[in-house]
Amino acid sequence: MADLITNTYDLTQLSRDRNDLLSELVGSLDAKRPHAWRQYGYKTDLSFQDFRQAYERGGPAHGAVHKILGKCWEKLPRIKQPDADKVTPWEKKITALLKPINGWQKLMGFDRRNLVGRFSALIYRVADGKPLSEPLEKGSALKDLIPIYENQIKVTDWHSDLQDPDNYGKPRMFQYRARGDSLSGDNQGRPEMWADVHPSRVQILAEGADGDDFFEGVPLLKAGFNALVDLEKLRGGGAESALKNAARTIVVKFDAAASPQVITSNPDGTQSAKSVRQIIEDQTKALNSNQDTSMVLQGGEATTLQTQASDLSPQWTIAANEFAASVGLPFTILFGQQTGRLASDEDQKDYVARAVGRQVNTLSPMLTEFVRRMQACGIIDAGDFEIEWPDLGAPTDDQRLDNAGKMVAANKTAFDGGSTEPIFDINEIRTAAGYEERKDGGDEFREGNPASDPNAPGNKVEGDDPNGTKTAPAPAPKK
């Protein structure tokens with residue numbers, strides 16, 4: 001009988017698949033405690049509603065989105081022709097296109113919605129005489145841009161023809177919900193409307209997706225969501241503990257020989273319908289709701305229940321640092337400092353680098369796609385262009401003047417040391433201070449061109465003797 005041969009690889013792979021399935025069901029990074037996330041109160045599967053609720057109701061999540069958004073869009077970019085330093089007529093047309101519809105604000109809202117979820121969409125409303133469900137070919141004007149969240153758009157039809165590899169697996173038709181849902185549920189009876197929209201009128205922004213599959217976009221808040229849960233627990237638990245300590249929870253302790261039933265008697269000696277417990281609860285409520293209320297007990301002692309509130313700062317700092325790391329922001333930038341110290345220069349540099357990297361790798365491609373699609377339908381004139389972002393790391397006015405002062409001090413130090421030429425000329429100092437260069441050059445530190453040595457050859461004036469000794473001119477004759 002032949003020996004039974006076991007495929008070790010298949011068994012290993014089967015074991016891995018089983019563990020992956022279990023981890024998706026229970027959730028944990030700790031192999032020893034597969035149910036840890038459930039015990040900690042962490043969700044295994046996160047939906048768009050979770051991210052949006054954290055963004056709209058949670059301070060750290062809201063701050064992270066707007067810290068990144070605000071820095072990236074701190075200064076608007078230029079969509080300009082290559083090698084054009086001055087504004088060209090082509091660039092003026094771009095400005096005229098976006099200004100009437102608040103285009104820059106709509107593009108910024110497009111980006112903000114992408115940061116909250118996996119992706120966001122931008123609907124083009126173009127004056128072409130066709131419904132949104134028809135392909136966008138040629139248009140005469142851009143009427144509006146509509147940024148929407150990921151739950152406001154869905155794919156209703158896909159390209160499934162294998163003989164069309166260029167379009168296979170891409171959306172054939174979208175539907176978008178004109179009315180965005182509100183977490184409060186207050187829409188004042190506004191009708192629900194889903195409209196078909198052709199993919200040529202939809203632009204998708206899915207940060208983190210490497211290809212065309214926008215469902216692979218990575219939400220900004222996903223990696224640090226567990227830390228957000230911890231922060232909410234610590235904040236809510238600490239507040240509840242403080243409230244319970246301040247609420248004066250009354251504890252009544254009766255002596256063994258006490259007669260608590262006496263307090264249930266009416267003033268005329270008859271027995272009331274309330275029990276001892278009800279009487280004490282009524283007195284406790286009156287005591288906590290009024291400042292001039294007292295309690296009457298029969299052989300009992302009333303005290304307040306107090307608990308020792310622990311300092312939650314270390315636990316909060318750990319969770320806050322983890323969340324700050326997950327969104328790529330320094331702790332001092334996201335949460336600030338409680339000691340009055342400002343963020344360090346290194347933190348500011350990291351913050352700027354985070355924003356600049358995102359401008360180059362995410363926002364410039366987004367704007368490039370928008371301009372090219374507007375060129376394709378004839379709204380923007382054809383031609384090469386480039387996206388130029390202002391320098392986020394440029395020094396402030398105070399820093400510029402400080403740099404100029406240091407350059408002047410360096411010149412003085414060099415002069416005191418015997419140097420006959422300044423290290424920096426006047427135009428270099430003016431440039432460092434943020435001012436334009438002088439047209440007459442920057443070799444001198446004051447206007448005009450005074451002679452450095454009046455006795456030098458070529459600098460002699462009338463009245464000089466042949467030996468170079470300056471003599472006073474003869475006085476004018478008296479009349």
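These legends go with several close-up views of a predicted model. Local features are taken at pLDDT of at least 70 and side-chain atom pairs only at pLDDT 80 or more, while totals for chains, interfaces and linings use all residues. Numbering runs from 1 along each chain as its sequence is written, and side-chain values use heavy atoms, with hydrogens and water left out.

**View A. Trp73 and Trp389 make an aromatic pair.**
The structure holds 15 aromatic pairs, and here is one of them: Trp73 with Trp389, edge-to-face, at 5.6 Å centre to centre and 75° between the planes. Trp73 sits in the loop between α4 (59–72) and β1 (78–80) and Trp389 in the loop between β10 (386–388) and α12 (397–416), so the pair ties together parts that are 316 residues apart in sequence. Helices (H or I, at least four residues) and strands (E, at least two) are DSSP runs, numbered from the N terminus. Both Trp73 and Trp389 are buried. As for the terms, rings of Phe, Tyr and Trp (its six-membered ring) pair if their centres lie within 6.5 Å; planes under 30 degrees apart are stacked, over 60 edge-to-face, and the rest tilted. Buried means under 20% relative accessible area, exposed over 50%, and partly exposed in between (1.4 Å probe, protein chains only).

**View B. Arg78 has salt bridges to Glu91 and to Glu388.**
A salt bridge here is a side-chain nitrogen of Lys or Arg within 4 Å of a carboxyl oxygen of Asp or Glu; by this rule the count comes to 19. Glu91 and Arg78 meet at 2.8 Å, N to O. Glu91 belongs to helix α5 (residues 89–98) and Arg78 to strand β1, so this link joins parts 13 residues apart in sequence. Glu91 is buried, at 8% relative accessible area. Arg78 also meets Glu388, at 3.9 Å, N to O. With Arg78 in strand β1 and Glu388 in strand β10, that pair ties together parts 310 residues apart in sequence. Glu388 is partly exposed, at 36%.

**View C. Lys130 and Glu137 form another salt bridge.**
Their side chains meet at 3.1 Å, N to O. Lys130 is partly exposed at 36% relative accessibility, and Glu137 is partly exposed too, with a relative accessible area of 48%. Back around Arg78, salt bridges that share partners join Arg78, Lys80, Glu91, Glu386 and Glu388 into one network.

**View D. Phe119, Trp158, Phe174, Phe214 and Phe215 gather in one aromatic cluster.**
Asp213 is in the loop between β7 (202–205) and α7 (225–246), and is partly exposed, with a relative accessible area of 37%.
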